[in-house]
Amino acid sequence: MTVELGVLGEVTAHVDGRVVDLGPARQRCVLAALAVDAGRVVPADQLVERVWGADTPRRGRATLQSYVSRLRGALPVDGPGIVLRSGGYALVLDGADHVVDLHRFRELRATARGATGGQAVALLTEAVALRRGEPLTGLTGEWAEAVRDELLQELLAADQDLVDARLRAGDGEDLLAELAARAARHPLDERTAGQYLLALHRSGRTADALRHYQRLRGRLVEELGADPGPRLRELHQRILAADSTLSVAPPAAPPAVVPRQLPATPAHFTGRADELASLTATLDESGPDRTVVISAIGGTGGIGKTWLAVHWAHQRLDRFPDGQLFVDLRGFSPAGAPMASAAAVRGFLDALGADPGRIPVDPHAQTALFRSLVAGRRMLIVLDNAAGTEQVLPLLPGGSSCTVLITSRATLTGVLTRHSAHHLALGTMTDDEARAVLVRRLGADRVAAEPDAVAELIGFCDGLPLALGIIAARAHTHPSVPLAEFAADLRELGMAVLEEPSTGVPTVLSWSYRVLTPEQQRVFCLLGVAPGPDIGLPAVAALTGLPATRAARVLRDLQDASLLNRGPNGRFSMHDLIRRYATEVAEEQPREDALRRVVGFYLHTANAADQLLDPRREPLELDPLDAGCLPQPVPGFAAAVAWFDTEHLNLQAAQQTAAAHLWHRQVWQLAWTLGIYQLRRGHRRDRVAVWQAGLTAAGHLRDPATDLLVHRQLGNAYTELGWHDEAVDHLNRALALARRQDDPAGEAHTHRMLAWAWGLAHDDERALDHSTSALELYRAIGNPTWEAHMLNSASWYIARLGDHDRARDHCHTALKLYHLNPDPDGEAATWDTLGYIDHSSGLHAEAVGHYRRAQALLRDLGALVQVAGTLERLGEPHAALGQHAEARAVWREALELYRDQGRDDDAARVQRLLDGADPSGETQPPA
């Protein structure tokens, strides 16, 4: 169910596209007063004041309760709820599909601040499109008027943000009409004036731009007694000087990644002519505007939904030149819960080439980024095996250029209602279509030779493509066996086919299973219980204990029997119904040893790949693998990243399997091996999840060293996610454990992480305390590299607290240690800190030299995250020396890097520097 609440216009509510009657104006005001602060408690007295102001009736509280009760009745039971908390009320939004347009608007603006080029334009276009008129239309009173004025200013700022984004993207002439009208409405708005000047200049109307500036200047002097601000004056001077950078086209964007994720076309697809024609007609009816077409292909399991969608898609590839996305949402998989929408969105972002370093953490922001990446592109998106509407909605594009195919056993009424989707109900095959399948697979002569047996086989399958495909595959692999024998085998099973088509599948599968060799039966059953949605040959060899060549042969046999699917990437998977059957049959087979082997395979391979991602990490002491079970070779860094990309979901599933079997040691070890990969790929929430599982496992081991490690890593994962309180809680527990165990190295590592957590929270004194403690411990245990690192860390916070001489001494000591124990990362950070110290001491020229030295080291390392911070700090001594052009140049580069990396707060801070504002002491420590 989808619930949308609107305040950017008339106060409205829609449930699955239907308008909800919200009652009289004051009742709607109650909802609006809660919606603008959704998720937060609004005290009852404040709510009364918002609704009635000075005209509060004598029974205002009672009337408020009545309004709240009516609103609860108007909104769906399982939708957003108005709850009573702490003497007030809160509107609680449970789920990504319950949306307040105001918060969606603000979220899109925030995401756009970290985007560039067309992405920023798409996000801001979506944001401004949410406005439906004057905010809070129809509501009166002081509160409504004040909020309306505030929102109008936000909406105007968003309009201006969009113009800025379009100007950065190279637009000019096509903005003139819009900017002329806005300049007329806001004649003293200097930001609008600057945009209009630039658009005029880019359109070849420089004289008009200069005249407009003079008119604006005269009006400002006359009405306000002031000249235009520095930014507008600078733009005017650049136009006068014919600054070529004002007219230069923006740098060409890198070519968009064109994903090709469709599975291979079904080799023996036959029939379904009417359904294929219906899909094509629906696409054609979309017309030249390419409005979104969503075909929810419904039907029971095994009816052929996925085959139909994939076959149709391959026939129409020319209609989707910008690529095809495909995801199996595992809505009815026996292997586990349906795929989370956020996981599917993240997979799409990777397929679209999004930089992992700038993918936002928040799932809503990730969805917004996905929609911006596909905006304006002619793409096909196939959402296979969807569980329900709530799973699908975050995966739908926001524009009108993409075509979406959804397959599901559910009807997806919410999608049909809200998006006016075309629904294609897929039924069983006709006898003629079923006969055509057999002819295509077995040949016309063989089918014609045994009409009675063919009729019996077709009748048994009852039009179910999955059952028919399995029988045809079996007959194809035994060309000398008469079809009558296959019919007799089915007849002898003694399992009648009931009316529901899907009930025939276990019968067909049991027949197919019975004729497998014992080895094939064993592998089939083990594949049914293997962790993860798919599996590669090396993992199959570990699971089964077979040599890889033998395992490959059995896999081919199962594929020939239509019991296994092989993807274009050489990985294997099962249809949900087949996997469910394999899981049931597997109860008769020993499987714990097999699962232990495959979990060990994933763990050992992940450990080796993790060492390639960061050779400085402490290696794990793993339990040995069974004889003959080998980890997958990972030859180098690129191969390690590619292996983790492929196996990420399977590694998480392997951890869940280990947890279910109480293999507690392997649970936390899998979390460790995933750490660096998840950090670099931006899987921050997944990292928290695997370490939460690790924490649960550690509780069973009763091993103090493991407890210490897990609390420290979970605290670090929370720090990366920005959850400060949770991070500090676990890190403090780790610190207590380290002290209890007399583990100085563990205590030092934990102090180091606490310093970082408190530094990010801008508590310099606490950060310094932890840095100093870590420094003393590293010095005591004789670790000079970490000693130098913490000398630099401490010097940063000492300088922030004003003791520049002491901070400088710490840095020089650190540099001496780095000279004896080379570490270019640490040396670069120390030169950066010296730049900050000397700038703060008034030694601006020296500061520039230090920052430049740090820059050289960081650029050699390719450390663009750190480069951005150093550039930002470098601009300050340039500005102090009067080198304003140099300052603005480095700040502009820092701004672009921050935006590319999705660091919204940092980008906003640099933008304030470019605007001439104080950075407010928010500079972060060099990492």
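This is a predicted model: local features need pLDDT of at least 70, side-chain atom pairs count only at pLDDT 80 or more; totals for chains, interfaces and linings use all residues.
Okay, a quick definition to start: two strands count as paired if DSSP finds at least two bridges between them.

Strand S5 and strand S6, residues 88-92, run antiparallel to one another and are joined over five bridges. Zoom out and you get an open sheet of three strands, in the order S4-S6-S5, with antiparallel pairing. Strands S4 (42-43) and S5 (81-85) are the edges; each has a single partner strand, so one side of each has no neighbour in the sheet. And there's a helix on it: H1, residues 25-35, packs on the sheet and touches S4, S5 and S6, with its direction at about 75° to that of S6.

There's also a hairpin. S1 (residues 3-6) pairs with S2 (residues 12-15), antiparallel again, over four bridges. Here Glu4 is the one facing His14 in S2. Five residues lie between the strands, and Gly9 in this hairpin has a positive phi near 150°.

Arg330 has phi near 55°, and you'll find Arg330 in the loop between strand S9 (324-328) and helix H13 (341-351). Is Arg330 buried or exposed? Buried, because its relative accessibility is 18% and the cut-off is under 20%. Then there's Leu662, with a phi of about 65°, in the loop from helix H28 (637-660) to helix H29 (664-681). Leu662 comes out at 56% relative accessibility, so that one counts as exposed.

Now helices. H7 (residues 176-185) and H8 (residues 190-202) pack at about 145°, axes 9 Å apart, and the crossing is left-handed. H7 brings Leu176, Leu179, Ala180, Arg182 and Ala183 to the contact, while H8 brings Thr192, Gln195, Tyr196, Ala199 and Leu200. By type, that's seven nonpolar, two polar and one charged.

Last stop, H36, residues 804-820. Its 17 residues reach 25 Å from first C-alpha to last, close to the expected 24 Å. What does its buried side pack against? Helices H34 (764-781), H35 (784-800) and H37 (824-840). Among the buried residues of H36 are His804, Arg808, His810, Cys811 and Tyr818.

That's my tour, thanks.

Conventions. Residues are numbered from 1 along each chain as its sequence is written. Side-chain values use heavy atoms; hydrogens and water are left out. Axes are lines fitted to C-alpha atoms, for helices over the stretch in contact, and angles run from 0 to 180 degrees between N-to-C directions. Helices (H or I, at least four residues) and strands (E, at least two) are DSSP runs, numbered from the N terminus. A crossing is left-handed if the near helix is turned anticlockwise from the far one by less than a right angle, and right-handed if clockwise. Contact means heavy atoms within 4.5 Å. Ala, Val, Leu, Ile, Met, Phe, Trp, Tyr, Cys and Pro count as nonpolar, Asp, Glu, Lys and Arg as charged, and the others, Gly among them, as polar. The expected span of a helix is 1.5 Å times one less than its number of residues. Buried means under 20% relative accessible area, exposed over 50%, partly exposed in between (1.4 Å probe, protein chains only).
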